[in-house]
Amino acid sequence: RRHTRFRNVTGVQTCALPILAEAKRLATEWWSELVVRSRRGERIHAPTFVECAKLFVARRMRDAEKGAISHGQAQQLAWKLDLLAPVFGSIKVTDVTADYLLELRDKRKTTITNVGTPVTNATIKKDFVFIHSALLFAKNHMHVIEDVPPNPPFTGTFSVVRRGRPYLTELEYTKLHRLAKERAEEADLNPRTRQQRWELYYFILISVGGALRVGEAESVRWCDCADTVLTDANGEETPAVQMNVLGKHSRGGKREFAYVAYGGEWAYQRLRAARPADAKDTDKIFTESHRDGFTQLLKAAKLYEVRDPLTDEVVRRNRKSLRPTAITLRLEKGDNPSYRDIAHWARTSATMIADFYDQLHPAAAAGRVMGFRGAKKPVVKKNTTKR
């Protein structure tokens with residue numbers, strides 16, 4: 001009320017009612033338009049992209065509980081949301097256009113990871129797969145946008161080179177697990193550290209012995225393990241352990257068979273012998289994630305970094321390098337196993353084996369085929385008979 005009147009320079013009070021009337025008219029028109037849009041079912045205030053993405057992840061979490069997707073896939077979406085939420089901030093979902101996504105692609109290229117390396121093109125492409133899925137959810141389920149902008153192209157400098165995770169050669173793997181054992185046998189270790197190092201040693205042997213993914217190894221419970229015997233084509237028997245694991249593509253909590261041998265069976269027996277007396281059958285066989293411990297072990301063995309011969313880039317190994325190590329060793333040292341057999345044993349497809357896990361170096365491959373010398377030329381003896 002105090003703003004409805006003011007004094008002019010002559011001291012006479014002047015009424016500001018015409019100004020207020022115009023403001024009231026504009027506000028009434030704006031309000032009437034909002035009422036009409038609301039009655040048509042339109043959303044008045046567009047949510048942010050992060051709000052839409054959170055609802056999308058929540059939906060996929062419920063799908064995982066119903067068995068439509070695996071819990072691992074749902075967890076990956078949650079991690080991707082945590083990574084991208086600070087990037088999008090409070091931007092409205094209606095403002096996510098094709099130009100914005102193009103700028104975001106260029107911005108992500110300059111991002112540095114927590115290990116001090118630029119984000120790879122493969123990671124950026126996975127980011128946009130998540131973004132596209134969240135935008136589709138906003139369009140089809142939330143009905144807050146009419147169209148989904150296309151993802152930016154990944155060509156030229158943004159081309160994605162398909163490559164497998166760096167693995168360990170036979171010599172490198174032998175060096176690694178021997179060092180893990182030596183570190184577990186060091187003197188003057190406190191009981192907690194000694195128990196962690198022995199479990200890390202068993203974790204390495206079991207993961208390579210069964211080509212386990214990190215999530216699969218962490219999912220194994222005591223009740224999921226059973227001793228078994230594997231018979232090869234020659235009738236020779238090999239002791240092994242059958243582990244029922246929650247794989248990457250498990251549906252509805254249904255576990256997959258994993259067969260552990262090649263030192264992993266011995267490691268499991270030692271791990272079972274050290275099992276606490278009060279441990280339940282539903283307890284996990286590994287009590288630690290060994291994420292940091294494995295990295296420290298790689299650095300101590302000078303196996304943490306390796307130069308990719310195809311891209312000439314320095315890449316880093318981690319726990320996920322154990323699975324490609326297991327598969328590559330079978331391909332190189334096995335009795336000519338087929339991709340089909342390896343794929344069934346490793347719970348994947350033959351295409352994945354060919355594209356990502358078969359990382360035999362060309363020089364090593366050349367050495368393996370040098371046994372073929374070709375047909376020898378016939379020796380023609382000269383006729384030395386004198387006429």
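## Helix H3

H3 bends at Asp82 by about 25°, the bend being the angle between axes fitted to the seven residues ending at a residue and the seven starting there. A proline, Pro86, follows within four residues. This is a predicted model, in which local features need pLDDT of at least 70 and side-chain atom pairs count only at pLDDT 80 or more, while totals for chains, interfaces and linings use all residues. Residues are numbered from 1 along each chain as its sequence is written, and side-chain values use heavy atoms, with hydrogens and water left out.

Helix H3 covers residues 71-88; helices (H or I, at least four residues) and strands (E, at least two) are DSSP runs numbered from the N terminus. Its 18 residues reach 25 Å from the first C-alpha to the last, close to the expected 26 Å, where the expected span is 1.5 Å times one less than the number of residues. Among the buried residues of H3 are Ala74, Leu77, Leu81 and Phe88 (buried: under 20% relative accessible area; exposed: over 50%; partly exposed: in between; 1.4 Å probe, protein chains only). The buried residues of H3 pack against helices H2 (49-66), H4 (98-109) and H5 (121-140). Just after H3, Gly89 takes a positive phi of about 60°.

## Nonpolar cores

A nonpolar core is a set of buried Ala, Val, Leu, Ile, Met, Phe, Trp, Tyr and Cys residues joined through side-chain atoms within 4.5 Å. The largest contains 49 residues, of which Leu176, Ile204, Ile206, Met243, Ile285 and Ile327 touch the most other members. H7 supplies the largest share of this core, 9 residues. A second, separate core of 31 residues includes Leu81, Tyr100, Phe137 and Met142.

Not counting residues up to four places away in sequence, Met243 touches residues including Ile206, Cys225, Phe257, Tyr268 and Ile285 (contact: heavy atoms within 4.5 Å).

## Cysteines

A search of the whole structure finds 0 disulfides, a disulfide being a pair of cysteine sulfur atoms within 2.5 Å. For Cys225, the nearest cysteine sulfur is that of Cys223, 8.0 Å away. Cys225 counts as buried at 13% relative accessibility, as does Cys52 at 1%.

## Positive phi in loops

Most residues other than glycine have a negative phi. Asp188, in the loop between helix H6 (170-184) and helix H7 (191-210), has a positive phi of about 60°. Asp188 is exposed, with a relative accessible area of 80%.

Lys302 also has a positive phi, near 60°, and is found in the loop between helix H10 (291-300) and strand E6 (305-307). Lys302 is exposed, with a relative accessible area of 70%.
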